[in-house]
Amino acid sequence: MKVLLESVEQVEELLVAHGYIAERSLCTAVFLALRLERPLFLEGEAGVGKTEIAKTLADALSRPLLRLQCYEGIDRQTALYDWNYARQLLHIRLREAGKGDHEDESWEERVEKEVYSERFLLRRPLLQAISTTPAPVLLIDEVDRSDVEFEAFLLELLAEFQVTIPELGTIHATEKPLVILTSNRTREMHDALKRRCLYYWIDYPTIEKELRIVTEHVPNLAQSLTRSLCLFIQRLREEPLYKVPGLAETIYFAQALEALHVRVLDEAVLCDTIGCLLKYRDDLELLTGEQGRARVAHLLAEV
Ligand SMILES: Nc1ncnc2c1ncn2[C@@H]1O[C@H](COP(=O)(O)OP(=O)(O)OP(=O)(O)O)[C@@H](O)[C@H]1O
Ligand SMILES: [Mg+2]
């Protein structure tokens, strides 16, 4: 059954009901993406909930989720479609084995037509996205990792929502998928791509949002401890770190504290569990040593 959303409030309620906490501005962007049938381009630091919102929306809207994970060197064959060469070859062999002497010249043409039919087509996420009903949620994840050529190809697809396969013709999307693109900004995406999308920057969460998310994910942790750890992480994000902890790290940290039956966040606990939050040696060194420990004590005193 298709879920129709009539207002921004409904988007907010639906996301919360599926465990995703979003500010009104993000809910508005989602609402508009659905209403205007425009792709939503989400940028933000690592672990702020870019991928998760696409998963949650698919779940909440009862639509299939199609995920295209981008990487350097990703090409059309991986993203759009390919032919099943092994099966095509087998088919040709079988046809050859059954070939009688009376076959005329059109035999080759017929076999070629057979092997380039839907039966041997491997639909990759982008083709699936325009030929699946109900219209899916298409997550084009970490698009900034792909090359500029691939970005240009995406542009074409997002503008038309149609694909031409030389051997089969043009396939149009009957219903447009909800497209969510995410980027960690390892490179700046082209203006032309952004122009076709609604843009939203997901920032690190406010203390209120982070508290709600941690409470949702680790409900059994004492509320006072949840508050201390969230405040601590908020302060930590102001430190000159190479890699600031995202929400994913906050959740791991809360889970670690629960697993260790910690009651109070102090220096000793932090020393043993800091690996949940910081993943770079330089960052760890910033908080160890004499100066680092004084810094930690100062941060902890504030929470
Ligand atoms: N708004 C939110 N509400 C509930 N949970 C959230 C929210 N944002 C993030 N999370 C949790 O944080 C985790 C990390 O989020 P997610 O993987 O979506 O981050 P990301 O922005 O895609 O990061 P990356 O850039 O590293 O891929 C998720 O597993 C999810 O559980
Ligand atoms: Mg992600």
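This is a predicted model: local features need pLDDT of at least 70, side-chain atom pairs count only at pLDDT 80 or more; totals for chains, interfaces and linings use all residues.
Residues are numbered from 1 along each chain as its sequence is written, chains are lettered from A and ligands numbered from 1 in the order in which they are written, and side-chain values use heavy atoms, leaving out hydrogens and water.

Let's start with the helices. Two packed helices are described by the angle between their axes and the distance between the axes. The axes are lines fitted to C-alpha atoms, for helices over the stretch in contact, with angles from 0 to 180 degrees between N-to-C directions. Helices are DSSP runs (H or I, at least four residues), as are strands (E, at least two), numbered from the N terminus.

Helix α1, residues 8-17, packs on helix α2, residues 24-36, at about 105°, and their axes are 8 Å apart. The two are therefore roughly perpendicular (65 to 115 degrees; under 35 is roughly parallel, over 145 roughly antiparallel, and the rest oblique). On the α1 side, Val8, Glu9, Val11, Glu12 and Leu15 meet Arg24, Cys27, Thr28, Val30 and Phe31 of α2, where contact means heavy atoms within 4.5 Å. That contact has six nonpolar residues, one polar and three charged. Here Ala, Val, Leu, Ile, Met, Phe, Trp, Tyr, Cys and Pro count as nonpolar, Asp, Glu, Lys and Arg as charged, and the others, Gly among them, as polar.

Next, α5 (85-97) and α6 (106-115) pack at an angle of about 150°, axes 10 Å apart, so this pair is roughly antiparallel. Gln88, His91, Ile92, Arg95 and Glu96 of α5 touch Trp107, Arg110, Val111, Glu114 and Val115 of α6. This contact divides into four nonpolar, two polar and four charged residues.

From α10 we have Glu210, Ile213, Val214 and His217, and from α12 Leu247, Thr250, Ile251 and Ala254. The tally is five nonpolar, two polar and one charged.

Now, which residues come nearest to ligand 1? Of the 19 around it (a heavy atom within 4 Å), they are Ile21, Gly47, Lys50, Thr51 and Glu52. As for polar contacts (N or O atom pairs within 3.5 Å), a polar backbone atom of glycine 47 is 2.6 Å from a ligand 1 oxygen. A polar side-chain atom of lysine 50 lies 2.8 Å from an oxygen of ligand 1, and one of glutamate 142 lies 3.2 Å from a ligand oxygen.

Last, the backbone. Most residues other than glycine have a negative phi, and most peptide bonds are trans. The bond from threonine 133 to proline 134, however, is cis, with omega near -5°. Proline 134 sits in the loop between α7 (125-131) and β5 (137-141). Arginine 185, though not a glycine, has a positive phi of about 60°, and it is found in the loop between β8 (178-183) and α9 (191-195).

Technical notes:
A polar contact is a pair of N or O atoms within 3.5 Å; within protein, one must be able to donate a hydrogen and the other to accept it, and residues adjacent in sequence count only if both atoms are side-chain atoms.
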